[in-house]
Amino acid sequence: MSGSLQGKAAVVTGGGSGIGLAVAQRLAREKAAVAVFDLDATAAKAAADSIAADGGTAVALAVDVADRDAVDQGMADVRRRLGPVTVLVNNAGKEGFRRLLDISVEEWNRLLAVNLTGTFHCCQAAVPDMVAAGWGRIVNIASSSAHSGQPLMTHYVASKAGVIGFTKALALELGPQGITVNTIPPGFIDTPMTRRNEARGRLGGTVDEHAARTPVRRAGTPEDIAATCAFLASDEAGYITGQVIGVNGGRNT
Ligand SMILES: NC(=O)c1ccc[n+]([C@@H]2O[C@H](COP(=O)([O-])OP(=O)(O)OC[C@H]3O[C@@H](n4cnc5c(N)ncnc54)[C@H](O)[C@@H]3O)[C@@H](O)[C@H]2O)c1
């Protein structure tokens, strides 16, 4: 599949770490020119530098996806520097672990603003380019917890369930214009977020213990998600839209 995105500009949100970093690197290997949006400017720059060192094209932008003005300005900047944005991976995410009664309204609102409204902002900012091109690919990163539920994560799980519903509705709206919209709910991927939660005792066991209970007997890797994104972003995946593509080693079936 190498080179399948030649001539396209792609935006990957949360591209500075974990899943987003692997997605940005993989899309660049498919020859897309990649814009890494991340709250963490240093991480975004390191991601873009790693792509350039690998012979790819990438720019880094410090963007909080919950900030509409920042998203609009970032997308305009990418359009100027790389061309129309026809591939968008909404991956930026924030997790939260708290009992329902302890979640403040501010925390609830922030989590929804990043995970769900951020996806809305980025789609609204990029879709006009896709409509003009008559071609587009949107992949939204949800979470397997939206299938299974997860204690202490009502805000997170609600936001990710929202991403799944948003994906299905947008796919129906944009299908006639050559734009596909799909969602990947990852299940147990070994990333900095997962290791942070392991260190804080929030996983209900270690990464290795979870891997041993996973049907394929390993934790997922960011590259597992990146490979699925690269396929969904390709021309070959043009008949796949509105779908929830689980990448979870069989943990959710
Ligand atoms: N790791 C898993 O097992 C797992 C499982 C299910 C879902 N997910 C989802 O996958 C996505 C990536 O997770 P990860 O494990 O790679 O996490 P990570 O913490 O390693 O990386 C997340 C990146 O997103 C960036 N980010 C956070 N808030 C942002 C914002 N407001 N604007 C822009 N960038 C922002 C962070 O700076 C970071 O670089 C998230 O949406 C997460 O909810 C992960």
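Predicted model: local features only at pLDDT ≥ 70, side-chain atom pairs only at ≥ 80, totals over all residues.

Guide: Residues are numbered from 1 along each chain as its sequence is written, and side-chain values use heavy atoms, with hydrogens and water left out.

Visitor: In what order do the 6 strands of the open sheet come?
Guide: Strands here are DSSP runs of E with at least two residues, and helices are runs of H or I with at least four, numbered from the N terminus. Two strands pair if DSSP finds at least two bridges between them. The pairing in this sheet is parallel, and the order is E3-E2-E1-E4-E5-E6.

Visitor: Why is one side of E3 and of E6 left without a neighbour in the sheet?
Guide: Strands of a sheet pair through backbone hydrogen bonds, either parallel or antiparallel. E3 (57-62) and E6 (179-184) stand at the edges, so each has a single partner strand.

Visitor: At what angle does H2 run to E3?
Guide: Angles go from 0 to 180 degrees between N-to-C directions, with axes fitted to C-alpha atoms, for helices over the stretch in contact. Helix H2 (residues 41-53) lies across E2 and E3, and its angle to E3 is about 180°.

Visitor: Which strands does H3 touch?
Guide: Contact means heavy atoms within 4.5 Å. H3 (residues 68-82) packs on the sheet, at about 160° to the direction of E2.

Visitor: Which residues come nearest to the ligand?
Guide: A residue belongs to the surroundings if one of its heavy atoms lies within 4 Å. There are 28 residues around the ligand, and the nearest are Ser17, Asp38, Tyr156, Ile189 and Thr191.

Visitor: How far is the backbone N or O atom of asparagine 91 from an oxygen atom of the ligand?
Guide: A polar contact is a pair of N or O atoms within 3.5 Å; within protein, one must be able to donate a hydrogen and the other to accept it, and residues adjacent in sequence count only if both atoms are side-chain atoms. Aspartate 64 puts a polar side-chain atom 2.9 Å from a ligand nitrogen, while valine 65 has a backbone N or O atom 3.1 Å from a ligand nitrogen. For asparagine 91 and the ligand oxygen, the distance is 2.8 Å.

Visitor: Is glutamate 30 buried or exposed?
Guide: Buried means under 20% relative accessible area, exposed over 50%, and partly exposed in between (1.4 Å probe, protein chains only). Glutamate 30 is found in the loop between H1 (18-29) and E2, and its side chain reaches the backbone nitrogen of glycine 3 at 3.2 Å. With a relative accessible area of 2%, glutamate 30 is buried.

Visitor: Which residues does glycine 136 touch, not counting those up to four places away in sequence?
Guide: Glycine 136 lies in E5 (residues 136-141) and is buried, at 0% relative accessible area. With close sequence neighbours left out, up to four places away, the residues touched by glycine 136 are Thr86, Met130, Gly178, Ile179 and Thr180.
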